[in-house]
Amino acid sequence: SSLLITGATGFIGFKVLLNALQEGWTVRAAVRSSSKADYLAKHPKIVALGATDRLSFVEVPDICDEKAYEEAIKGVTHVIHVASPLPSPFLDPTTGIYEPNVKSVKAILQAALKSPSLKKLVITSSQYGNSPFPPDLPRTIDADFRVPDLPGPYESMVPAYWASKIAATNAIDLFIKD
């Protein structure tokens with residue numbers, strides 16, 4: 001079995017990568033550039049595992065591209081999609097946080113449709129994906145509850161991130177329904 005991991009250079013994605021290699025998976029890590037691949041390939045924790053022969057890389061420079069993952073997903077049996085820009089004052093709230101979070105989820109779902117080898121797709125999110133903004137503390141959140149998309153424009157990073165996680169969750173629901 002082979003596993004594609006997106007976001008492997010991030011905090012959570014790197015931990016997912018380490019765990020997958022420790023468990024014996026053959027991993028293809030989607031990275032935005034060859035320098036990110038070099039960083040991971042030479043990382044002391046990766047080298048210490050002695051699993052570099054089970055780790056390969058595929059460049060996905062633009063996770064907003066609707067075909068971003070079509071090549072990356074070919075031939076793999078499992079995917080863990082972790083790629084997600086976090087709130088950062090250095091990113092534009094709409095183009096740097098909201099759009100990449102939503103568009104990358106849509107792109108991985110479309111790529112999954114075209115991949116006959118794929119058995120399982122896991123898309124990670126956060127508590128924001130199904131939580132009202134601002135928080136509604138007495139509200140009970142369950143499997144049937146969904147927050148409607150929060151319209152932009154987004155003037156700061158936290159509302160953009162929150163709205164992106166809600167929109168991505170709603171996009172997954174719509175994808176499954178359709």
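**Exercise 1: A loop residue and its partner**

A polar contact of 2.7 Å links the side chain of Asp149 to that of Asn170. Keep in mind that this model is predicted.

Task: Find where Asp149 is placed, and decide whether Asp149 is buried, partly exposed or exposed.

Solution: 
- Step 1. Look between β5 (120-123) and α6: Asp149 sits in the loop there.
- Step 2. The relative accessible area of Asp149 is 44%. Buried means under 20% and exposed means over 50%, so Asp149 is partly exposed.
- Step 3. Now list the contacts, leaving aside neighbours within four places in sequence: Asp149 touches Ile166, Ala167 and Asn170.

**Exercise 2: A lysine in a helix**

Task: Say which helix holds Lys36, and which residues Lys36 is in contact with, apart from its neighbours within four places in sequence.

Solution: 
- Step 1. Helix α2 contains Lys36.
- Step 2. Lys36 has 38% relative accessibility, so Lys36 counts as partly exposed.
- Step 3. Once neighbours within four places in sequence are left aside, Lys36 is in contact with Thr9 and Val31.
- Step 4. From Lys36 to Glu59 there are 23 residues in sequence and 9.2 Å in space, C-alpha to C-alpha.

**Exercise 3: Checking a helix**

Task: Work out what span the 12 residues of α1 should have, and compare it with the distance between the end C-alpha atoms.

Solution: 
- Step 1. Using 1.5 Å a residue, α1 should span 16 Å.
- Step 2. The end C-alpha atoms of α1 are 17 Å apart, which agrees.
- Step 3. Look for buried residues in α1: they are Gly13, Phe14, Val16, Leu17, Leu18, Ala20 and Leu21.
- Step 4. These buried residues pack against several elements, including β1 (2-6), β2 and α2 (34-42).
- Step 5. Just past the end of α1, Gly24 has a positive phi of about 95°.

**Exercise 4: The largest pocket**

Task: Describe the space in the largest pocket and the classes of residue in its lining.

Solution: 
- Step 1. The largest pocket holds about 610 Å³ of space. Its lining has 28 residues, and Gly7, Gly10, Ala83, Ser84 and Pro85 are the closest to its centre.
- Step 2. Sort the lining of the largest pocket by class: 15 nonpolar, 10 polar and 3 charged residues.
- Step 3. Ask which element gives the largest share of this lining. That is α1, with 3 residues.

Notes: Residues are numbered from 1 along each chain as its sequence is written. This is a predicted model: local features need pLDDT of at least 70, side-chain atom pairs count only at pLDDT 80 or more; totals for chains, interfaces and linings use all residues. Side-chain values use heavy atoms; hydrogens and water are left out. On a 1 Å grid over the protein atoms alone, a cavity is a set of points where a 1.4 Å probe fits but cannot get out, and a pocket is an open set with protein on both sides within 12 Å along at least five of seven lines; lining residues have an atom within 4 Å of a point. Grid points are joined across faces, edges and corners, and a volume is the space filled by probe spheres set on the points. Helices (H or I, at least four residues) and strands (E, at least two) are DSSP runs, numbered from the N terminus. Ala, Val, Leu, Ile, Met, Phe, Trp, Tyr, Cys and Pro count as nonpolar, Asp, Glu, Lys and Arg as charged, and the others, Gly among them, as polar. The expected span of a helix is 1.5 Å times one less than its number of residues. Buried means under 20% relative accessible area, exposed over 50%, partly exposed in between (1.4 Å probe, protein chains only). Contact means heavy atoms within 4.5 Å. A polar contact is a pair of N or O atoms within 3.5 Å; within protein, one must be able to donate a hydrogen and the other to accept it, and residues adjacent in sequence count only if both atoms are side-chain atoms.
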